[in-house]
Amino acid sequence: MKKIYTCGKMSGISFIEQMMWRSRIESEIKSALDFGQSVKFIHPPLYYNYEENNHKTEREILEWEMTQVHDCDILIVNTDGIEDTTGSHMELGAVQGINRFGDMHIFVVGLGKSDNLHPWIKESCIRIEDDYAKAAEYIVEYLLT
């Protein structure tokens, strides 16, 4: 079973805002899957978020998230607000390290606007789509086969 990790801004926005785009892309991807295909989604706010504070240290969150990133097949990054999220930058950096020096490959798909992104963010993504249905179609057709 393929695993998709959803990366995006969490601090400074509500749990509902954190989950809205994640739930939408999950729904779009599941709708586009062929019968019998299944995918596991890892949405970090469902495990650690800033409203519940279920963690004792920031290290706990860092270790958990980096392990999940390392174990995923696809990382979907929400590019909206990415300039304000250190965690997303670290996750993308980890994927770059894994892809260049590891023994596996993780595909990164951007979701959102690409106009004013830092060039390294753009280069980290195999593709950036601002349309959820197009992003889901691409992921299912090209990355989940």
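Welcome to the tour. Start by selecting Gln68: setting aside neighbours within four places in sequence, Gln68 is in contact with Lys3, Tyr5 and Ile42. Keep in mind as you go that you are looking at a predicted model. Is Gln68 buried or exposed? With a relative accessible area of 14%, Gln68 is buried, because buried means under 20%.

**Stop 1: the helix around Gln68**

Gln68 sits in helix α2, so widen your selection to residues 58-70. This helix has 13 residues. From its first C-alpha to its last, α2 reaches 18 Å, close to the 18 Å expected at 1.5 Å a residue.

Now colour the buried residues of α2, which are Ile61, Trp64, Glu65, Gln68 and Val69. They cover an arc of only 135 degrees around the axis, so they lie on the same side of α2. What do these buried residues pack against? Show β1 (2-7), β2 (39-42), β3 (74-78) and α3 (86-101), and you have the partners of the buried residues of α2.

**Stop 2: on to Ser88**

Next, pick Ser88, which has its place in helix α3. Ser88 counts as buried, because its relative accessibility is 1% and the cut-off is under 20%. Leaving aside neighbours within four places in sequence, display the residues in contact with Ser88: Cys7, Gly8, Lys9 and Ile82.

**Stop 3: a loop residue**

Select Asp84 in the loop between β3 and α3. Asp84 is partly exposed, with a relative accessible area of 48%.

**Stop 4: a pocket**

For the last stop, select His89, Leu92, Gly93, Gln96, Arg100, His118, Trp120, Ile121, Glu123 and Ser124, which line the second largest pocket. About 240 Å³ of space lies in this pocket. Which elements give two or more residues to the lining? They are α3 and α4 (119-124). The largest share, five residues, comes from α3.

**Looking back**

Helix α3 has turned up at several stops. The buried residues of α2 pack against α3, Ser88 has its place in α3, and α3 gives five residues to the lining of the second largest pocket.

Notes:
Residues are numbered from 1 along each chain as its sequence is written. This is a predicted model: local features need pLDDT of at least 70, side-chain atom pairs count only at pLDDT 80 or more; totals for chains, interfaces and linings use all residues. Side-chain values use heavy atoms; hydrogens and water are left out. Helices (H or I, at least four residues) and strands (E, at least two) are DSSP runs, numbered from the N terminus. The expected span of a helix is 1.5 Å times one less than its number of residues. Buried means under 20% relative accessible area, exposed over 50%, partly exposed in between (1.4 Å probe, protein chains only). The arc is that of the directions from the helix axis to the C-beta atoms. Contact means heavy atoms within 4.5 Å. On a 1 Å grid over the protein atoms alone, a cavity is a set of points where a 1.4 Å probe fits but cannot get out, and a pocket is an open set with protein on both sides within 12 Å along at least five of seven lines; lining residues have an atom within 4 Å of a point. Grid points are joined across faces, edges and corners, and a volume is the space filled by probe spheres set on the points.
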